[in-house]
Amino acid sequence: MLYVVIGLILIIVFVISYGAWMRKKTYGRIDQAETRRVDMMNRPVAKELAKVKQLRMVGDTEKKFEKWRSGWDDIVTRELPAVGESLFKAEGLTDKYRFKAAQALVGQLQKQMDTIEAEIDGILKELNAVVDSESKNRKDVTPVKESYHQIKKLMITRRSQFRKALPLLEKSVKAIDEQYSKYGEQTASGNYIEARRILLGVKTGIDDVQEKIDQVPALYEDIGHSIPDQIRELRQGSEEMVEEGYALQHLQIGTQLEEAERQLHVVEASVGRLELTEASEGLQGIHDQLDWLYNQLEKEALSRQEIREVAPKIEARLDSAGRKINELNEETEMVRDSYHIDTDDIKVQREISKSYYKLEKTYAETGEMIKNHSEAFSTVLEKLKKIGADIGEIDSLADSYSKKIKALRKDELAARQSIHELRHILFEARQMLLKSNIPGVPESFSHVLSEAEQQLKSAGGHLDDKPLNMTEVQEALDAAKAKADDVHSQAKTIVETAAFAEEMIRYGNRYRTDDPEIDGKLQTAEQLFRNYDYQASAETAVRAIEKKEPKILKRVNLYQQHQA
């Protein structure tokens with residue numbers, strides 16, 4: 001029973017709390033709606049209507065004013081009060097705990113106020129457009145009027161400068177005049193918005209005409225004086241240059257100037273039609289064409305002056321190169337009698353001569369061009385510069401070839417020096433053997449020495465060949481050097497081995513009397529020594545001594561290292 005009572009109490013508390021919360025929430029939404037309604041009642045529509053009332057109340061403005069005032073009166077006397085009554089009804093529903101119905105009614109009223117607010121915004125927007133248009137028109141009309149009078153003044157004072165463009169300019173001014181009259185009519189009729197649109201159009205038209213008034217005289221000045229003067233100057237200047245010996249046929253100056261004159265008539269027609277952008281672009285194209293011709297004539301004059309400076313230098317360089325090539329040809333012929341020159345090198349020498357004679361011919365042709373005025377000086381100058389560059393290449397090739405020819409003689413001297421040095425190596429080998437006092441040398445060494453001498457003789461024989469083939473000489477020298485080095489190395493080995501064998505035999509003499517076997521081996525070693533087999537002699541003596549001193553070789557090595 002206690003749990004039931006507690007449960008009922010909790011339910012009652014929940015219902016009361018929920019009712020209080022929903023009541024407070026609904027009242028909050030009603031208060032928000034009421035605040036919005038009051039704000040809408042206080043919108044400054046009446047104040048703005050008073051501004052309109054100060055304007056000329058005729059025509060379109062008067063009609064709109066009546067519509068705006070009627071709409072605002074309906075809103076403040078009928079629509080918004082009706083909203084207030086409905087909000088009071090929503091409060092009653094809330095007091096009766098009919099929250100759902102109250103909230104639905106408030107939502108409906110909010111939508112209704114959205115519509116009313118949109119209507120108020122529309123009134124203010126249209127109203128402000130009229131007021132702003134009238135205000136801006138009063139502010140802008142004075143400078144527009146002044147600009148218009150300035151244009152009319154210019155049309156009178158500069159009339160002669162407009163030439164064929166005058167009728168279209170007058171037509172444009174007349175159109176502005178008509179629009180300006182319409183502006184006055186619309187303003188008088190209270191159509192301030194339309195008057196604003198017309199006034200802006202008048203301002204744009206004035207700016208456009210003003211720009212054309214400024215441009216047309218300058219364009220006609222360019223067409224009638226500046227460009228014709230340049231054309232006459234170019235025609236006269238080119239004729240004088242031809243008389244002075246300039247070849248200008250490649251520029252086709254007459255044709256280009258005639259084309260410029262034709263283009264000038266086209267541009268003049270465009271100005272007459274007030275197609276000023278096209279006319280300006282056409283004039284710029286003519287100016288570019290004439291400037292190009294001026295630059296070309298200047299280039300020819302400068303080229304002629306530069307040729308006077310360059311041609312003698314090129315001729316001097318060409319003569320110098322010719323002397324160098326003639327000397328090189330003579331040197332080649334002399335060298336060919338004594339040396340073998342590679343086929344590729346001979347081909348290079350011929351190509352150098354061929355290139356030089358070709359350059360000489362080209363230079364002679366440029367001289368004829370200058371004399372006969374058959375080519376433009378700029379073209380001749382380019383050819384001279386090309387000849388100068390080619391002379392540099394020929395000089396470089398000739399110098400390289402000359403060094404190679406001189407290197408042949410240098411290689412011969414080096415080869416003879418090498419033979420002398422190799423002979424000295426063989427001499428040293430013989431002296432080494434003589435000083436060692438050995439009884440003789442092995443037959444194998446005598447054979448190697450003979451081969452080395454024969455190889456050296458062969459290398460010397462190649463040096464006496466006519467023509468001299470340095471490739472064969474070098475190969476023979478390489479072989480002779482290898483043999484000479486081998487002889488020297490073997491001689492040194494023989495001397496060292498003989499000395500070692502002799503030392504081992506003397507050392508072993510201490511054991512001969514006590515050991516017949518050692519004595520026998522040492523006798524064998526002595527016989528081998530006398531037979532020039534020093535290696536076998538040394539090995540036999542060592543084996544004999546090892547019977548008494550097994551580590552004899554180690555001791556000998558240590559002694560030799562210490563002595564070294």
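This is a predicted model: local features need pLDDT of at least 70, side-chain atom pairs count only at pLDDT 80 or more; totals for chains, interfaces and linings use all residues.
Local features need pLDDT of at least 70, side-chain atom pairs count only at pLDDT 80 or more, and totals for chains, interfaces and linings use all residues. Residues are numbered from 1 along each chain as its sequence is written, and side-chain values use heavy atoms, leaving out hydrogens and water.

**Overview. The protein has 16 helices and 0 strands.** Helices (H or I, at least four residues) and strands (E, at least two) are DSSP runs, numbered from the N terminus. Of the 564 residues, 37% are buried. Buried means under 20% relative accessible area, exposed over 50%, partly exposed in between (1.4 Å probe, protein chains only). The protein exposes about 33800 Å², with 52% supplied by carbon and sulfur atoms. Areas come from the Shrake-Rupley method with a 1.4 Å probe; for residues, only the protein chains shown count as cover. Among contacts with a separation of 6 or more, 79% join residues 24 or more positions apart. Contact means heavy atoms within 4.5 Å.

**View 1. Glu239, Glu240, Glu243 and Glu244 form a negative surface patch.** Patch residues have over 30% relative accessible area and no salt bridge, and like charges are joined within 9 Å. A salt bridge is a side-chain nitrogen of Lys or Arg within 4 Å of a carboxyl oxygen of Asp or Glu. Asp and Glu count as negative, and the charge of Glu is placed at CD. Glu240 sits in helix H7 (residues 192–243). Glu240 counts as partly exposed because its relative accessibility is 38%.

**View 2. Gln230 also belongs to helix H7.** Its relative accessibility is 19%, so Gln230 counts as buried. Leaving aside residues up to four places away in sequence, Gln230 touches His287, Leu290 and Tyr294.

**View 3. Glu258 lies in helix H8 (residues 253–272).** With a relative accessible area of 43%, Glu258 is partly exposed. Glu258 and Ile231 are 27 residues apart along the chain; their C-alpha atoms are separated by 9.0 Å.

**View 4. Asn437 has a positive phi, near 60°, in a residue other than glycine.** The loop holding Asn437 runs between helix H11 (377–435) and helix H12 (443–463). Relative accessibility is 68%, so Asn437 counts as exposed.

**View 5. Tyr532 is not a glycine, yet its phi is positive at about 70°.** Tyr532 is in the loop between helix H14 (516–530) and helix H15 (534–546). Tyr532 counts as partly exposed, at 33% relative accessibility.

Methods: Patches are made of residues with over 30% relative accessible area and no salt bridge: like charges are joined within 9 Å, nonpolar side chains (Val, Leu, Ile, Met, Phe, Trp, Tyr) within 5 Å.
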